[in-house]
Amino acid sequence: QLVVRGGMWPHYAPDRRSFMFVRGGNLWLHRMDTGANLASPFASHRCLCRWDLSWRPDGRKVHFVEGDALSEVFVKPLRVCNMRVEGFGSGRAAFDFSEIVETDGDDHGFPAVSRSGTLAFCALRRHSDVGISRSHVLVQQPPGGRQRYLRITDWPDTMVETKPCWSPDGKKLAFEALDLTTGLRQVWICDVESRKLQRVLERIPGAEYEPLLTDCWLYGWQPGGDGLLVGYGRAG
């Protein structure tokens, strides 16, 4: 049994030989072979939740977003930062800071990177008292285009999109969507090239016998990419 006092939100590396976590507001890397806990030289990342952390599929970089827990409304340029893994435990500033979108009043979260290196994330509005009140999934576009990042839906703000998750081949993006008008949460898949959207469960299993089975949650793709792990029930 391993205990890291004060550690939160562990995320295994793709090779399972290490994991990153948040401790004292900073990012740390734990190496399974030596037991070493290595701090990031950035000193304070202020990651607000586990959804603000992500590994690249090749295991060479980690992605994170920042927040200010003292702010009721997060007003910052949308930034996703990444750090090379060799920066943990060293004094080197192994970071790249990418200013993505200037949208006054918005924050961002849920970074996810495909096998080919394409970034997806959520542009959102967070309030400390009610959580996320608006969120839409954006996907990085090929170089040379008019826009660097585009939304994958044209849904209204009453549809709160979260937890983008790439398929292993990088061609599809699964995500959750909470309809604020009805309170229902569903899982969707977007074919990134065609922008075709498909709801994962058109009918919740057992809903005809149990009317409380209305919501669906996303837990990830199967390793071969041939299916999703989802949960269903009713919030609360």
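This is a predicted model: local features need pLDDT of at least 70, side-chain atom pairs count only at pLDDT 80 or more; totals for chains, interfaces and linings use all residues.
Reader: Let's start with the largest pocket. What volume does it have?

Author: The volume of the largest pocket is about 1200 Å³.

Reader: How many residues line it, and which lie nearest its centre?

Author: The lining has 32 residues. Nearest the centre of the pocket are S54, W55, C165, W166 and G220.

Reader: Which elements give two or more residues to that lining?

Author: They are strand 1 (7-12), strand 5 (53-55), strand 9 (107-113), strand 13 (159-166) and strand 17 (215-221).

Reader: And which strand gives the most?

Author: Strand 17 does, with five residues in the lining of the largest pocket.

Reader: How do the lining residues divide into nonpolar, polar and charged?

Author: In the lining of the largest pocket, 21 residues are nonpolar, five are polar and six are charged.

Reader: OK, new topic. What is the strand order in the open sheet of four strands?

Author: The order is 13-14-15-16, and the pairing is antiparallel. Strand 13 and strand 16 (196-199) are the edge strands, so named since each pairs on one side only.

Reader: By how many degrees are neighbouring strands turned against each other?

Author: On average by 30 degrees, with direction ignored.

Reader: How many bridges join strand 14 to strand 15?

Author: Seven bridges join strand 14 (residues 172-179) to strand 15.

Reader: Why is strand 15 described as largely enclosed?

Author: Five of its seven residues are buried, so strand 15 is largely enclosed by the rest of the structure.

Reader: Now the rings. How many aromatic pairs are there?

Author: The count comes to six aromatic pairs. In one of them, the ring centres of F21 and W28 are 6.4 Å apart and the planes are at 20 degrees, so this pair is stacked.

Reader: Is F21 buried or exposed?

Author: F21 is at 2% relative accessibility, so F21 counts as buried. The cut-off for buried is under 20%. F21 also belongs to an aromatic cluster with Y12, F19 and W28.

Reader: What about the rings of W155 and W188?

Author: Their centres lie 5.0 Å apart and their planes are at 65 degrees, so the pair is edge-to-face. W155 sits in the loop between strand 12 (149-151) and strand 13, while W188 sits in strand 15, so the pair ties together parts that are 33 residues apart in sequence.

Reader: Are W155 and W188 buried or exposed?

Author: Both W155 and W188 are buried.

Note on methods: Residues are numbered from 1 along each chain as its sequence is written. Side-chain values use heavy atoms; hydrogens and water are left out. On a 1 Å grid over the protein atoms alone, a cavity is a set of points where a 1.4 Å probe fits but cannot get out, and a pocket is an open set with protein on both sides within 12 Å along at least five of seven lines; lining residues have an atom within 4 Å of a point. Grid points are joined across faces, edges and corners, and a volume is the space filled by probe spheres set on the points. Ala, Val, Leu, Ile, Met, Phe, Trp, Tyr, Cys and Pro count as nonpolar, Asp, Glu, Lys and Arg as charged, and the others, Gly among them, as polar. Two strands pair if DSSP finds at least two bridges between them. Axes are lines fitted to C-alpha atoms, for helices over the stretch in contact, and angles run from 0 to 180 degrees between N-to-C directions. Buried means under 20% relative accessible area, exposed over 50%, partly exposed in between (1.4 Å probe, protein chains only). Rings of Phe, Tyr and Trp (its six-membered ring) pair if their centres lie within 6.5 Å; planes under 30 degrees apart count as stacked, over 60 as edge-to-face and the rest as tilted.
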